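This report describes one protein chain.

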Amino acid sequence: YEESRITEAGQRGKVDILDPALVALRIKPNKKLNLFLGIILGLGLGLGYAFIKELLDSTVKAVEQLERKGLTVLGIIPDMHRHSDRERVGMKRKVPSKGGSDFQRRLITYEDPKSPISESYRTLRTNITYSSADKKIRSLLISSPQPGEGKSTTVANLAIAFAQLRKNTLLIDADLRKPVQHNVFQQPRGPGLAEYLIGEIEDFASITHSTKVENLSIVTA
């Protein structure tokens, strides 16, 4: 029996060792290479996105962009709300309200005629006057591509600026969707331009109201 065991143990198996096992070397991931490629790829994508966004951006960011198109800039008005926020030293900045004192602050050419913003409106008034020296302008239309860009504030202060020259000035609020001039000048909302256009009122003088600004009248929407 023992001889049979020795004979069995001495027989070769079906597995042969060709090479001894080696300790494996780590090839991937290569952290340094991946980090370098990530930085390069991130910068490339970021610069490409910024270039495409700038290429497709048609907004006006500087006066020179308008002048290159042959357009004349009549005036630049500073942001009234940012200007007032700088004066609130130590106070938390708040979003301008839609009524109340916010409407009164819009009449800066009347409330604070010596401020830089008031001077900007007077400069705009002067440029409008002298840009049309060859023909006398009797009416101006002030508009904007979208709401909230300051046309109500601009028309109110520009009207005051012309009235301060002792010119009889009529401000007509033709914004029938979101009129605010009646709040700005503390006038009754109606009757106004809408009632006149649909024929409810035939006398235009009856919808013309005097304001606290001398030589300035207003027709509400």
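Is Arg122 buried or exposed? Arg122 is buried, since its relative accessible area is 18%; buried means under 20% relative accessible area, exposed over 50%, and partly exposed in between, computed with a 1.4 Å probe and protein chains only.

The model is predicted, with local features requiring pLDDT of at least 70 and side-chain atom pairs counted only at pLDDT 80 or more, while totals for chains, interfaces and linings use all residues. Residues are numbered from 1 along each chain as its sequence is written, and side-chain values use heavy atoms, with hydrogens and water left out.

**Overall fold**

The protein chain contains ten helices and three strands. Helices (H or I, at least four residues) and strands (E, at least two) are DSSP runs, numbered from the N terminus. In order from the N terminus, the elements are α-α-α-α-α-α-α-α-β-α-α-β-β. Of the 221 residues in the protein chain, 25% are buried. The chain exposes about 17600 Å², and carbon and sulfur atoms supply 57% of that area; accessible areas come from the Shrake-Rupley method with a 1.4 Å probe, and for residues only the protein chains shown count as cover. Contact means heavy atoms within 4.5 Å. Among contacts between residues at least 6 apart in sequence, 61% join residues at least 24 apart.

**Salt bridges**

A search of the whole structure gives four salt bridges, each being a side-chain nitrogen of Lys or Arg within 4 Å of a carboxyl oxygen of Asp or Glu.

| Arg5 | Glu2 | 3.8 Å |

Glu2 and Arg5 both belong to helix 1 (residues 2-10) and are three residues apart, about one turn of the helix. Glu2 counts as partly exposed because its relative accessibility is 49%, and Arg5 is also partly exposed at 46%. Glu119 is partly exposed, with a relative accessible area of 40%, while Arg122 is buried.

**Helix 7 and helix 8**

Two packed helices are described by the angle between their axes and the distance between the axes. The axes of helix 7 (residues 116-131) and helix 8 (residues 151-163) come within 9 Å and cross at roughly 70°. Helix 7 is therefore roughly perpendicular to helix 8; angles of 65 to 115 degrees count as roughly perpendicular, under 35 as roughly parallel, over 145 as roughly antiparallel and the rest as oblique. On the helix 7 side the contact is made by Tyr121, Leu124, Arg125, Ile128 and Thr129, and on the helix 8 side by Thr153, Thr154, Asn157, Leu158, Ala161 and Phe162. The axes are lines fitted to C-alpha atoms, for helices over the stretch in contact, and angles run from 0 to 180 degrees between N-to-C directions.

**Surface patch**

Leu33, Phe36, Leu37 and Ile40 form a nonpolar patch on the surface, with about 400 Å² of accessible area together. Patches are made of residues with over 30% relative accessible area and no salt bridge; like charges are joined within 9 Å and nonpolar side chains (Val, Leu, Ile, Met, Phe, Trp, Tyr) within 5 Å. Phe36 is located in helix 2 (residues 31-56) and counts as exposed at 51% relative accessibility.

Gly190 and Pro191 are joined by a cis peptide bond, with omega about 0°. Pro191 sits in the loop between helix 9 (181-184) and helix 10 (193-197). Leaving aside neighbours within four places in sequence, His209 is in contact with Gln187, Pro188, Pro191, Ser217 and Ile218. His209 lies in strand 2 (residues 209-210) and is buried at 18% relative accessibility.

Which phi does Arg166 have? Arg166 is not a glycine, yet its phi is positive, near 65°. Arg166 lies in the loop between helix 8 and strand 1 (169-172) and is exposed at 74% relative accessibility. Asn215, also not a glycine, has a positive phi of about 70°. Asn215 is placed in the loop between strand 2 and strand 3 (216-219) and is partly exposed, with a relative accessible area of 25%.
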